Amino acid sequence: MTSTTHDRQDTSAGADPKRWKALWVTLVVGFMSLLDVSIVSVALPSLQQSLGASPATVQ
């Protein structure tokens, strides 16, 4: 069985051949969001102290 035959079978069954690319994009976006939240959480106390802000202001 060649790859084109395999791809044709996946497509005829309703499975999009680009589904793996979409999965990777989704996983990368999720990882980047988690990384961003982690960075902000670590930097927040330092920013609060430097700015002299109250916890309510930082929130």
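Helices (H or I, at least four residues) and strands (E, at least two) are DSSP runs, numbered from the N terminus. Colleagues, the model before you is predicted: local features need pLDDT of at least 70, side-chain atom pairs count only at pLDDT 80 or more, and totals for chains, interfaces and linings use all residues. Residues are numbered from 1 along each chain as its sequence is written, and side-chain values use heavy atoms, with hydrogens and water left out.

I begin with the overall fold. The protein chain has 3 helices and 0 strands, in the order α-α-α. Its mean pLDDT, the predictor's confidence in each residue from 0 to 100, is 86, and 78% of its residues reach 70 or more. Confidence is lowest in helix H1 (residues 3-12), with a mean of 57, and highest in H2, at 95.

I turn now to the annotations. UniProt positions follow the numbering used here, feature names are shortened, and annotations may be inferred rather than shown by experiment. The unreviewed UniProt entry places a "transmembrane region" at residues 22-44. That span is 100% helix and 0% strand, and its end C-alpha atoms lie 33 Å apart. The unreviewed entry also assigns "domain: Major facilitator superfamily (MFS) profile" to residues 22-59; this span is 89% helix and 0% strand, with end C-alpha atoms 34 Å apart.

Finally, the surface. Of the 59 residues in the protein chain, 2% are buried, where buried means under 20% relative accessible area, exposed over 50%, and partly exposed in between (1.4 Å probe, protein chains only). How does Met 32 count, and why? Met 32, found in helix H2 (residues 19-51), counts as partly exposed because its relative accessibility is 47%.
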